[in-house]
Amino acid sequence: MRRTLVLLLGALLPVALASCTSSGAAPAPVAGSTSPQGPVAAVCDHAPPGPATAPAGAVPVDPAVVDDLSAKTKNSPPGTTFWLAPGTHRLSDDEYAQVQPKDGDVYLGAPGAVFDGRKKNRYAFAGPGKDVRLESFTVQGFAAPRDEGVVNHDSGPGWVIQHLTVQDNDGAGLMAGPKQQVLDSCLRRNGQYGMNAYSGNAVVTGLVLRGTEITGNNTANWEAKVPECGCTGGVKFWAVDGADVVGNWVHDNRGTGLWADTNNNDFLIEGNLIESNDSTAIIYETSYNAMIRNNTFRRNNLPDGRAHADRGDPFPSATIYLSESGGEPRLKARTSTLEISGNLLQDNWNGIILWENADRFCNSPANTSSGSCTKLVPNVSTCSAPAIAQKPLYNDCRWKTQRVVVQHNQFTLNSKALGCEEICGRTGVLANFGSFPDWSPYQGAVIQQAITFQQDNSWHDNAYAGPWTFVAREMSNIVGIGEWQSSPYHQDANSSYRPNGGG
């Protein structure tokens, strides 16, 4: 249903967009640094090799002995270092055969070390062990079910995964536990996700994803098997409280690049190169407090955006999509806003869309995160008539797209080259007309008014090159830069606009 776009990786020079604004004012300041800091994380097939000989005190693991890795882990004390010798390491044919690390265990791979599940075993590394380290080998061929992961299957805390290649597995390549670090690794061609940051046991806090290449994931095309499952992409984050996603290369995934879904909070997404993903580059959904800054976005959402247009869907499918998400000062985080700043968006299908579904709130049948409530109301059943019609529940029972600041970004679009004139250069803020359920206090245009005029959502000091238009209040209201900047919207103050400047 979707096709993967392959682009040559090259140096990207920020495009200068010096021009007059539509009102004839001075040009906007050039947006901030928009390239990933340092070299692009081209890790796959380029990870540095591990030690060629066993380090002092390490337990050697023999690839010629089936189950040697599992058996030696079981028979060694916590805190043991294991060295995987060159070759292909295997478990027994039992689908539930797996390695269960103990606290503080370290697994180092020699050059050419591969741990292969042969599509017979479900999980590579599982169990509750904490502070485990995996480094410098390949994990491949495991057959985890949908929504489960191959490495750190049980979301153990404090795991460090570095210079690891996790590829060609079913399900997710990695799960994530509290304080997990994924550094300088390769997550590619996994059946569902590169990483599924979810833990059923404890909230995932302090997650770090840095310097990692995330590519070609969702090979099983789960959205086609389970339409609108929201279960695909490069990385999915669920209820993560505190994450640094920095300096990664997220590209050519079948589906969304990075997707934070349901009660995530306190994210820094900075200095990443996110390109050629079939769907949205970043979705931040029913979540809170984030900084999305100094990233480069190129040619994202082209297959899915075109599919939307071809079937006559008027919704502006976005490159950065905020769905019921914004800043919330009552939650502890590094910011109390949702800031999108200093990014370069080049030749994507549409730009930044701020959306709020008036029918989606705690205890509503329209809430696709069924059973979940906002972080401000712990009990879903509390959000019911008649109490929900009064403050504080009226405000706290719904996730709000509020306190969003879109500033100092560069938007460039060559719509003619993409073959999408008039349908792919949209950015804006909107909601639907509330209609469901019949006891909802959010019926009618109240949420359309709130997200557009009352929730402190602001664009300013951006630079636009190409035929950009703006969606305001509801999806059929598409306006030009002049109307966007003037009453009643008053958006994009000090921004520049060159309709023919996108190439």
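Asp168 counts as partly exposed in this predicted model. Its relative accessibility is 28%. Asp168 sits in the loop that runs between strand S10 (165–167) and strand S11 (172–175). Its backbone stands out too: phi is near 60 degrees, a positive value in a residue other than glycine.

Asn294 also has a positive phi, about 60 degrees, and it is not a glycine. This residue belongs to the loop between strand S24 (288–293) and strand S25 (296–298). Is Asn294 buried or exposed? Asn294 has 19% relative accessibility, so it counts as buried, given that buried means under 20%.

**Cis peptide bonds**

Two peptide bonds deserve a look. One joins Lys391 and Pro392; it is cis, with omega at about 5 degrees. Pro392 is part of the loop between strand S29 (352–356) and helix H4 (393–396). Another cis bond leads from Ser487 to Pro488, and its omega is near 5 degrees. Pro488 is in the loop between helix H7 (481–485) and strand S37 (496–498).

**Disulfides**

How many disulfides does a search of the whole structure find? The search finds five. With the bonded cysteines of the protein chain numbered in sequence order, the pairing reads 1-2, 3-4, 5-6, 7-8, 9-10. The table gives details for some of them.

| Disulfide | S to S distance | Torsion about the S-S bond |
|---|---|---|
| Cys44 and Cys186 | 2.0 Å | about 95 degrees |
| Cys229 and Cys231 | 2.0 Å | about -75 degrees |
| Cys362 and Cys373 | 2.2 Å | about 110 degrees |

Take Cys44 and Cys186, joined by a disulfide. The torsion about their S-S bond is about 95 degrees, so this disulfide is right-handed. Cys44 lies in the segment before strand S1 (59–61), and Cys186 lies in strand S13 (residues 186–188), so the pair ties together parts that are 142 residues apart in sequence. Cys44 and Cys186 are both buried.

Next come Cys229 and Cys231, which form a disulfide. Their torsion is about -75 degrees, so the disulfide is left-handed. Cys231 has a relative accessible area of 2%, so it is buried, the cut-off being under 20%.

Then there is the link from Cys362 to Cys373. The torsion here is about 110 degrees, so this disulfide is right-handed. Where do these two cysteines lie? Cys362 and Cys373 are each in the loop between S29 and H4, so the pair ties together parts that are eleven residues apart in sequence. Cys362 is buried, and Cys373 is buried as well. Pro392, with its cis bond from Lys391, is also found in the loop between S29 and H4.

**Parallel strands**

Strand S14 (residues 195–197) and strand S17 (residues 235–238) run parallel, joined by three bridges. Ala197 stands opposite Phe237 in S17. S17 also pairs with S20 in the parallel sense, over four bridges. Which residue of S20 is the bridge partner of Trp238? The partner is Asp261. In a regular strand, side chains alternate between the two faces of the sheet.

**The largest pocket**

S20 returns here, as one of the elements that line the largest pocket. The space in the largest pocket is about 1,300 Å³. The lining has 41 residues, and the closest to the centre are Glu223, Glu228, Gly230, Trp259 and Tyr321. Which elements give two or more residues to this lining? They are strand S20 (258–261), strand S23 (282–285), helix H3 (302–310) and strand S26 (320–323). The largest share comes from H3, with four residues.

What kinds of residue make up the lining of the largest pocket? The lining divides into 15 nonpolar, 16 polar and ten charged residues.

Methods:
Residues are numbered from 1 along each chain as its sequence is written. This is a predicted model: local features need pLDDT of at least 70, side-chain atom pairs count only at pLDDT 80 or more; totals for chains, interfaces and linings use all residues. Side-chain values use heavy atoms; hydrogens and water are left out. On a 1 Å grid over the protein atoms alone, a cavity is a set of points where a 1.4 Å probe fits but cannot get out, and a pocket is an open set with protein on both sides within 12 Å along at least five of seven lines; lining residues have an atom within 4 Å of a point. Grid points are joined across faces, edges and corners, and a volume is the space filled by probe spheres set on the points. Ala, Val, Leu, Ile, Met, Phe, Trp, Tyr, Cys and Pro count as nonpolar, Asp, Glu, Lys and Arg as charged, and the others, Gly among them, as polar. Buried means under 20% relative accessible area, exposed over 50%, partly exposed in between (1.4 Å probe, protein chains only). Two strands pair if DSSP finds at least two bridges between them. A disulfide is a pair of cysteine sulfur atoms within 2.5 Å.
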